[in-house]
Amino acid sequence: MSASIDTHGEKRILMIAANPATSPTTGWPVGFWWAELTHPYWVFTEAGYTVDIVSPKGGDLAADGFSDPEDDSQYSAHDIVSLGFKKSPAHAALLTGTKSIADVSIEDYDAIFLAGGQSPMVTMIDDGDLHAFVAKAHEADKVVAIVCHATCVLLKTKLPDGSLLVAGKTWTGFADAEEKFADDFVGQKIQPFWIEEEARKLDGTNFVVNSPFKPFAVRDGNLITGQQQFSGAAAAELVIDTLGR
């Protein structure tokens, strides 16, 4: 399916970040991943795009601790883009009192962009309203971009004819090798399931991964997917390549 989007007007992106939750496997508070929101946001706004940030259920958002550049773990201490976003009152305010997807119209946007984190594996995987929203955007010829653990929605998102959105498509998401690294890093099982493992059980779809924790994004028609937290900017660039500047 090819895009039928006016490439001369102002481009509008709807970023969807996960609502806070508690992990059933670790008991940790989980949320969105800073870099998967802030890096694409930077790429889009630098290109002159307008970006709105919402969440599936609305309300205040919270980030995964390991994604916080100020976290004691120092896991994301290198992420100065997220640090700048976090320290800017105007930008930080974008994550409070977010609208829900029920309060926005897909028709107002050229693309949707789902940011990952640990929460999507809990809150997005069985969110039928979100799956329907993603399918509706795809059916409306909007660009659908999804990164990291948010790609779990593609395991279950179906089109009106009952087929999976990823049927016949090439896509990526968080890799098994990356899950193993993360589990080893913290010394316990983190996720309730692994996306690559589940994707490879699906018939008629082509799930691919690149080297662990390297920027990697794939475009197949109007579907754009990024492998993990280092792939948000790469996925955003593919969105821009698709829509034009």
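**Reading the labels**

Analyst: Gladly! This is a predicted model. Let's start with a helix pair: helix α1 (residues 34-46) packs against helix α8 (residues 232-243) at an angle of about 30°, and their axes are 8 Å apart.

User: Why are α1 and α8 called roughly parallel to each other?

Analyst: Angles under 35 degrees count as roughly parallel. The angle between α1 and α8 is about 30°, and therefore the two helices are roughly parallel. Their crossing is right-handed.

User: Which residues make the contact of α1 and α8?

Analyst: From α1 come His39, Pro40, Val43 and Phe44, while α8 brings Gly232, Ala233, Ala236, Glu237, Val239 and Ile240. Sorted by kind, the residues of this contact are seven nonpolar, two polar and one charged.

User: What makes α1 roughly perpendicular to α2?

Analyst: Here the angle is about 85°, with the axes of α1 and helix α2 (residues 80-87) 9 Å apart. The range for roughly perpendicular is 65 to 115 degrees, so α1 counts as roughly perpendicular to α2. On the α1 side, the contact uses Trp34, Ala35, Leu37, Thr38, His39, Tyr41 and Trp42; on the α2 side, Val81, Ser82, Phe85 and Lys86. That contact divides into seven nonpolar, three polar and one charged residue.

User: Which residues touch the most other members of the largest nonpolar core?

Analyst: They are Ile13, Phe113, Leu114 and Val239, in a core of 68 residues. Helix α8 supplies the largest share of this core, with six residues.

User: Why does Ala92 count as partly exposed?

Analyst: Buried means under 20% relative accessible area and exposed means over 50%, with partly exposed in between. Ala92 has 27% relative accessibility, so it counts as partly exposed. You will find Ala92 in helix α3 (residues 89-92). Leaving aside neighbours within four places in sequence, Ala92 is in contact with Phe85 and Lys86.

User: How do you know whether Ile125 is buried or exposed?

Analyst: Ile125 has a relative accessible area of 7%, so it is buried. Ile125 sits in the loop between α4 (120-123) and α5. Not counting residues up to four places away in sequence, Ile125 touches Pro120, His131, Cys152, Leu155, Lys156 and Phe193. Ile125 and Val54 are 71 residues apart in sequence, and their C-alpha atoms are 17 Å apart in space.

User: Why is Phe213 called buried?

Analyst: Its relative accessible area is 18%, and buried means under 20%, so Phe213 is buried. For Asp141 the relative accessible area is 18%, so Asp141 is buried too.

Key
Residues numbered from 1 in each chain as written. Predicted model: local features only at pLDDT ≥ 70, side-chain atom pairs only at ≥ 80, totals over all residues. Heavy atoms only, no water. Axes fitted to C-alpha atoms, helices over the stretch in contact; angles between N-to-C directions. Helix = DSSP H or I, 4+ residues; strand = E, 2+ residues; numbered from the N terminus. Parallel < 35°, antiparallel > 145°, perpendicular 65-115°, else oblique. Left-handed = near helix turned anticlockwise from the far one by under 90°. Contact = heavy atoms within 4.5 Å. Nonpolar A, V, L, I, M, F, W, Y, C, P; charged D, E, K, R; others polar. Core = buried A, V, L, I, M, F, W, Y, C linked by side-chain atoms within 4.5 Å. Buried < 20%, exposed > 50% of the residue type's maximum accessible area, 1.4 Å probe, protein only.
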